[in-house]
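Visitor: I would like to learn how to read a few features of a protein model. Please start with the terms and then go to the case.

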Amino acid sequence: MIRDKFDAIVVGAGPSGNAAAYTMAKEGLKVLQLERGEYPGSKNVQGAILYADALEKIIPDFREDAPLERHVIEQRLWTMDDTSYVGMHYRSDDFNEEKPNRYTIIRAQFDRWFSGKVREAGAVLLCETTVTELLRDPQGRVIGVRTDRDGGTAFADVVILGEGVNGLVGQRSGLRPELKPDTVALAVKEMHFLPREVIESRFNLAGNEGVVIEAMGTITDGMTGTGFIYTNQESISIGIGCIVSDFAESGRTPYGLLEAFKRHPSVRPLLEGSECKEYAAHLIPEGGYNAMPELFGDGWIVVGDAGQFVNAVHREGSNLAMTTGRIAGETVVWLKRRREMATKANLAEYQRRLEETFVMKDLRKYRRIPDFLHRNKHIFGVYPKLLSAAAQTWFRVDGVDKRAKEKQIFQSFRSGRTLPGLIGDALKLARSWR
Amino acid sequence: MSDAPPTGPKPPAAGRAGSKRELPERFKAYRHVWVVVECEHGVVHPVSLELLGEGRKLADKRGADLAGVVLAGDSLTAAQTAAAAFEHGADLVYTVTAPILAHYRNETYTRAMTDLVNTHQPEILLLGATNLGRDLAGSVATTLQTGLTADCTELAIDDEGSLAATRPTFGGSLLCTILTLNYRPQMATVRPRVMAMPAREPGRWGRIVEHPLDLAEEDVVTKVLRFIADRESDKAQLAYADIVVAGGLGLRSAENFQLVRALAEVLGGDYGGSRPLVQKGWITADRQIGQTGKTIRPKLYIAAGISGAIQHRVGVEGADTIVAINTDPNAPIFDFAHLGVVADAIELLPALTRAFQAHLSVNRLAG
Amino acid sequence: MHIVVCMKQVPDSAQIRVHPVTNTIMRQGVPTIINPYDLFALEEALRLRDRLGGEVTVLTMGPPMAEESLRKALTFGADRAVLLTDRAFAGSDTLATSFALAAALDKVSQEFGEPPIIFTGKQTIDGDTAQVGPGIAKRLGLNQLTYVARIADLDPAAGTITVERRAEGGLQVLQTRLPVLITMLEGVNEIRRGSLDDAYRAARAQIVRWSAADAGITELARCGLKGSPTIVKKVFAPQGRAEKVHQVPTADRSADELAADVIAAIFRTQPPLEDDLLRFAAGQ
Ligand SMILES: Cc1cc2nc3c(=O)[nH]c(=O)nc-3n(C[C@H](O)[C@H](O)[C@H](O)COP(=O)(O)OP(=O)(O)OC[C@H]3O[C@@H](n4cnc5c(N)ncnc54)[C@H](O)[C@@H]3O)c2cc1C
Ligand SMILES: Cc1cc2nc3c(=O)[nH]c(=O)nc-3n(C[C@H](O)[C@H](O)[C@H](O)COP(=O)(O)OP(=O)(O)OC[C@H]3O[C@@H](n4cnc5c(N)ncnc54)[C@H](O)[C@@H]3O)c2cc1C
Ligand SMILES: Nc1ncnc2c1ncn2[C@@H]1O[C@H](COP(=O)(O)O)[C@@H](O)[C@H]1O
């Protein structure tokens, strides 16, 4: 047992745990942080795009020393069929601003850096230490944690759970239900190394500029999911993910999907000659607002992925993690200042503050989307095929007159999906978007 | 040798390596190439003979003599070892014979070696990278305050007449060539089986120079209480086997590894594996092949379910014929194998065992 | 009893990549670890301390970030960590490394008590020379016990130690007098996990940091690049083989047919092998 008693124990050193620990330690609270990985970020997986805004609110001058790969100046959205894609690209020199808005990062390095800041702020971090359960007093209030090390208990006024998507502590302690296979995606990702000059010429970049490609279509073989390609300084992150229950139904493997994605004629040239050095698989909670568990109770708060704080449509996760972590930390500091206990009633302040932020607003706005996407599989198969065929018909110059082409395209949409079906999909999408 | 520069390999130190600094006066008399010939328990270690083959080339290039160094507990061992040294290319042999040298001890051997070096002044001193060689080389180099390059894979004389010792660095991902410019002797160790065994010339003989050792058992602090010999059955003959069959993680289970053993047995060869198999406990550590295991030079090497990582590659590249069986056509092992078979080893290995068995018995009857 | 373990922080060479164009090491993102061989030494030291009482000091020479590895060693249960760090040490070869470490070990003796046993690992995975241990022993005049598989007996009062040392064809049982330098063989023990208390203590511990001057080193010419007799002349990537692999066609072949093809291909590549094998088969 650690004899010292802490103001707070933070489980996990991902973006959410680090944000919480940093916020509290900086205000002088006595914080113990526990991480099961060998070092922070050792097991963490992300695409990864970092959204500057959320981090700026925690560490305003993070750009000075954070390990950032490239700032994103171009976003490509690809709707793919087996041989082609229809794309929308947005590129702007405005993104070459003094304080860029989005960056690619490598989590293993980024988490380590962030953790360094947390420790500088005064929190004590113990790695390779897994929290196995929450300790409660006879009234059921959480008073500390048990770990897998010898003599492994530690006590605190409040425990913040930033243990990630399949954090078992919360589940085992009954704070949260088990993950449902239709609200969580399984993503696989590889890092492909290439000299930076090659990346820059292949993606039309200069200096530290970066490109993000988000892709959907037949690459997921009709399952609900998307693929991505991000440029780092000397590597390319490529990944694909689908809802777990879809994998179970289709019998496809994530690895098989990724292999096919890499072989796609539009993707293969981007990776040509690269050396793959890392392979990782990770879950993403995609249930959104409707899948959210209880966020707090007597002596505990949940932050980040553990609380299903992910906006799957916009691929935002780490920023929600950091924001929830920060607000949880601020709530604890606020209570401490007022010399109040971390009771359930008092911790309700956490949720109140969250409601004020984009986190709850966005998740509520998109609450029907996960369900919509999951029920309307043609979005991932039929439409991309139709779109590609239409584009091809339109762009091929073959003596067919343009009116005939329009007709052909319209016909193909109608035979691919009935007219009421088309209209229905559009309406449903509009409704879920609201 | 560079003890892993903290930030990547040193840039070619043109300033220093390029500068033809004058060799200090006291080293100018240092001449000839020496090889320490190990003869623990009366057995000449093959690596020493391999080194004599290499030393011969260096000596010829320098127009110098090749000398064997024999430290032995008795004159019979000394004579036999010297004979082996002559037959493998030595022009002369320095012997130090004393009962206190019967068993290797750092203290006695370092003393004998440094005495010899200071008296007869060799320009180049080579040792096998065995436990004995490494233990001794580190002490001798420190005592003499000279440079030592460990585990070399190539030895050459450069244009300026210096020993250019090439060795793998960063786990074999890179090679570096190392010089010891202003100190003598230039020392290097080489692992068993990295160099080819020179042809033996029976009856070849040379000059023997005996050197005394002024050291009594009473003055030696460390005592050898006992020697616990390995059981014969424990010994892997891997490094010197003509045929080696090895398995990797592609075999998927310890049970499947039996397929490797079965094939090795039919071929009268030995078996080994990649490092992860040792970590999984499928094979013992002395059967690991590669950079941190054994270097092998068989006539035939069959690798089943081994990806061919650089650390594995450096241990097998000396094989005459490498046959790789791997399900992945892009596996790196196909970059250096001679024969490739893109197939499931778990099916092919038993088929090979059967086929070899049949081939050998049929042809034996026929022959 | 005070025991010192020399440890080195090394890049995890399993994860090192070589830049395909410039042939230099790409260190970006390559994690560093405690040289795996040194963990066997550390565990052996901790066991001796647990049995006989005393303290274990870990010593590293390296860049400031080597502190991480020292902290990790404290997590395993070491009592004190010393980091010897100075620009003057950059580019040290084994001779210069053992010179600096020997000086630091003298200083450790003065400050924290003379260690009857100093441990090093068998070798490092980056330098890979196995020379630094013997080098330190020689400089400090310690009895040197390399490749130790087991400490059979240790009598601090009598000042004697008996070990089993891995040698060609067997184990040497050696007895000698303390102080000694031991390099531990790999695989002889398994590093412990360390308790939660150890981890907490380690996270907050103050690591002793010495510059060359702090360690009492005045002869800077014997340190770093200057003090290294060996010179790296060039660094280059291993050459690929010139001829390409001959792939045995596998399409539509049963395992047995394929096996016959493979054997034929082997004998075609190396005809004398067939005779060797037949001779072996005949001898059976
Ligand atoms: C393939 C992929 C791509 C993604 N792309 C993006 C993207 O581009 N942009 C973006 O913003 N988000 C992205 N996300 C989402 C983002 O990664 C997560 O939302 C974010 O990492 C959540 O942070 P967290 O701190 O809640 O959890 P995590 O980052 O998962 O951290 C949890 C930490 O807790 C530790 N832990 C768990 N259990 C215990 C225990 N019992 N004891 C001690 N420690 C424990 C873990 O080891 C881990 O370090 C992506 C996710 C995936 C899988
Ligand atoms: C410091 C250091 C030192 C090392 N030293 C060594 C060393 O001395 N020796 C060594 O070997 N390694 C060493 N390694 C490890 C090395 O880097 C590799 O990890 C290791 O060699 C890989 O072993 P493998 O080929 O068995 O496994 P993998 O790399 O996992 O390869 C398995 C292969 O089997 C194939 N396969 C799968 N199923 C089948 C099947 N049914 N039939 C046929 N093929 C199949 C796969 O395609 C794959 O290519 C060292 C690493 C480090 C860091
Ligand atoms: N920089 C260093 N700091 C501390 N110990 C070292 C250092 N370099 C080598 N050693 C020790 O010496 C042993 C042999 O190293 P090497 O000669 O590089 O193979 C290692 O296992 C360490 O115990």
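Guide: A residue is buried under 20% relative accessible area, exposed over 50%, and partly exposed in between, using a 1.4 Å probe and protein chains only. This is a predicted model, in which local features need pLDDT of at least 70 and side-chain atom pairs count only at pLDDT 80 or more, while totals for chains, interfaces and linings use all residues. Residues are numbered from 1 along each chain as its sequence is written, chains are lettered from A and ligands numbered from 1 in the order in which they are written, and side-chain values use heavy atoms, with hydrogens and water left out.

Visitor: Is A:Tyr255 buried, partly exposed or exposed?

Guide: A:Tyr255 has a relative accessibility of 43%, so it counts as partly exposed. A:Tyr279 also counts as partly exposed, at 43%.

Visitor: How is a pair of aromatic rings described?

Guide: By the distance of the centres and the angle of the planes. Rings of Phe, Tyr and Trp (its six-membered ring) pair if their centres lie within 6.5 Å; planes under 30 degrees apart are stacked, over 60 edge-to-face, and the rest tilted. Over all chains, the whole structure holds 16 aromatic pairs. In one of them, A:Tyr255 and A:Tyr279 have ring centres 5.3 Å apart and planes at 90°, so this pair is edge-to-face.

Visitor: Where in chain A do the two partners sit?

Guide: A:Tyr255 is in helix α7 (residues 254-263) and A:Tyr279 in strand β15 (residues 275-285), 24 residues apart, so the pair links distant parts of the chain. Helices (H or I, at least four residues) and strands (E, at least two) are DSSP runs, numbered from the N terminus.

Visitor: What kind of pair do B:Phe86 and B:Trp205 form?

Guide: A tilted one, with 4.9 Å from centre to centre and 50° between the planes. B:Phe86 belongs to helix α3 (residues 75-87) of chain B, while B:Trp205 lies in the loop between β9 (186-190) and β10 (207-210), 119 residues apart. B:Phe86 is buried at 0% relative accessibility, whereas B:Trp205 is exposed at 54%.

Visitor: Which residues does A:Ser235 touch?

Guide: Contact means heavy atoms within 4.5 Å. Not counting residues up to four places away in sequence, A:Ser235 touches A:Ile106, A:Met191, A:His192, A:Phe193, A:Leu194, A:Ile199 and A:Tyr230. A:Ser235 is found in strand β14 (residues 235-243) of chain A and is buried, with a relative accessible area of 1%.
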